Amino acid sequence: MQLTVVGTGYVGLVTGVCLADNGNHVVCVDLDAAKVQRLAAGETPLFEPGLSDLLSTNLAAGRLRFTTNLADGLRSAEVAFVAVGTPPKADGSADLTNVELVSLAVARGAPRDLVMVIKSTVPPGTCDAIQARVSAESRRRISVVSNPEFLKEGDAVNDFLRPDRVVIGDADKAAGDLVEELYLPFVRNNRPILRMSRSAAELTKYAANAYLATRISFINEIAELCERLGVDVNQVRRGIGSDARIGQHFLYPGLGYGGSCFPKDVQALAASAKRVGSGAALLDAVHARNQAQRARLIGRARERLGGFAQRTIGVWGVAFKPKTDDIREAPALDIIDAVIADGGRVAVYDPKALPPLQTRFGGSPGASRISYADDAYDVLTKADALFICTEWNEFRSPDFARMRELMATPLIFDGRNLYDTSTPARYGFEYHSVGRPSAKSE
Ligand SMILES: NC(=O)c1ccc[n+]([C@@H]2O[C@H](COP(=O)([O-])OP(=O)(O)OC[C@H]3O[C@@H](n4cnc5c(N)ncnc54)[C@H](O)[C@@H]3O)[C@@H](O)[C@H]2O)c1
């Protein structure tokens, strides 16, 4: 099929590349000229395992190309995917400006009838509203289909190629059938393609993310209780997770969820619920717990150190989770900001996410208080404490003896519970983690 994908972020780029790999002809459109130039040269502007190889292969095969020109991108399109960002507005609701602009531009610029697939995460009712608008504004027949994306950053290519399920919401069966045809090669393992109304599809995406976020906030709330009671949350976690009705997944206490999806989607769903007069107390509490969770470990460190002024803090991991370079809403940013605001210094190591961090702080008033290292041990030199913010594999079995030698104070605040509490203590560390008793060497 001849496809167009507008937006080449984590979702749009993975969608375009994976659909091209199946033999479709895909034109990816983005307004970011520098990004388009790099992609056309076979260079991935974001880190996602497996993406680079697929990009090069499909560019070389002539099935994939990139442009900033939407009209050029739409020339042969039978299906146009909209995969632009839907960031949060100040009140938490989803900012649909980009989706509305792009869907209208696609409808106006379509040289023939086409199916428009909304892949961006949008509140229930958005696709119906877009349909009404594009039907009024286009000379072509445009059928709007909702096809929310469930891929996880860090495993996005694998998730797209082997989805747990594909959700297709349509009001026009033939349009939904066409989108289903595109996905059939990815569900040969009998995973379901779920057909539903557009609003049900839109709500399914938010409900899935909100439920996963709820599990994280739930275990984080239990973790605080554990800290106050002197109980090890891991024992409780295993105790409840062994119940088949509950399961172990998404019950890991820590610094709370981050990234470009959970924080914004929980708030956007709450805003949608309130708009139609539905209760959102649970969603509000999930968000509030997540904010509090980040602040808690910072508060414990501040109290232990007597503030961060004049302190040097090492940070391991800034990506919001491992295997990605995405730092949007990453808990590490709150920690870095807190140390700098107090007049301390931060030395940061992350195997993939330093470039976006450098962009965020470049030229900012705090820029001179932050340094970046190519090696995890370099951030420990004369450090007063180490914060662990991302559970990259390389942090799981570190050389504690070497760490102890490098640091000014043997103090670890582990926001990801990477170690058995007794291990760092055995090497002379004072070790604070989440929901578990702190440990010190005897
Ligand atoms: N990142 C994820 O893990 C993930 C997973 C599932 C769903 N989603 C949803 O998918 C959508 C996209 O997310 P993302 O993380 O890929 O976003 P992103 O910010 O990484 O990428 C968005 C891209 O769209 C481009 N863009 C913006 N306006 C444009 C316009 N008018 N014309 C052309 N290009 C334009 C931007 O330049 C950017 O390259 C969001 O709604 C998000 O909630 C994201």
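Modeller: What follows describes the ligand shell, with a short note on a pocket at the end. The model is predicted, and every value below is computed from it.

Around the ligand there are 25 residues, and those that come nearest are Asp30, Lys35, Thr86, Glu153 and Lys264. In the case of Asp30, a side-chain N or O atom lies 2.6 Å from an oxygen atom of the ligand. The side chain of Lys35 likewise places an N or O atom 2.5 Å from a ligand oxygen. The ligand taken alone exposes 840 Å², of which the protein buries 87%.

By class, the shell comprises 9 nonpolar, 9 polar and 7 charged residues. Both domain 1 (2–196) and domain 2 (197–442) contribute to the shell, with at least three residues each. Among the secondary structure elements, helix H1 (10–21) and helix H5 (97–109) each provide at least two shell residues.

The second largest pocket may be set beside this description. Its volume is about 150 Å³, and 15 residues line it, with Gln2, His25, Val26, Val27 and Arg65 nearest its centre. Strands S1 (2–6), S2 (25–29) and S3 (64–67), together with helix H4 (70–74), each supply at least two residues of that lining. The lining of the second largest pocket divides into 5 nonpolar, 6 polar and 4 charged residues.

Terms used
Residues numbered from 1 in each chain as written. Predicted model: local features only at pLDDT ≥ 70, side-chain atom pairs only at ≥ 80, totals over all residues. Heavy atoms only, no water. Near = heavy atom within 4 Å. Polar contact = N/O pair within 3.5 Å; in protein donor to acceptor, adjacent residues only side chain to side chain. Areas by Shrake-Rupley, 256 points an atom, 1.4 Å probe, with all protein chains shown as cover. Helix = DSSP H or I, 4+ residues; strand = E, 2+ residues; numbered from the N terminus. Nonpolar A, V, L, I, M, F, W, Y, C, P; charged D, E, K, R; others polar. Domains from an automatic or database assignment. 1 Å grid on protein atoms, 1.4 Å probe; cavity = no way out; pocket = protein on both sides within 12 Å on 5 of 7 lines; lining within 4 Å. Points joined across faces, edges and corners; volume = space filled by probe spheres on them.
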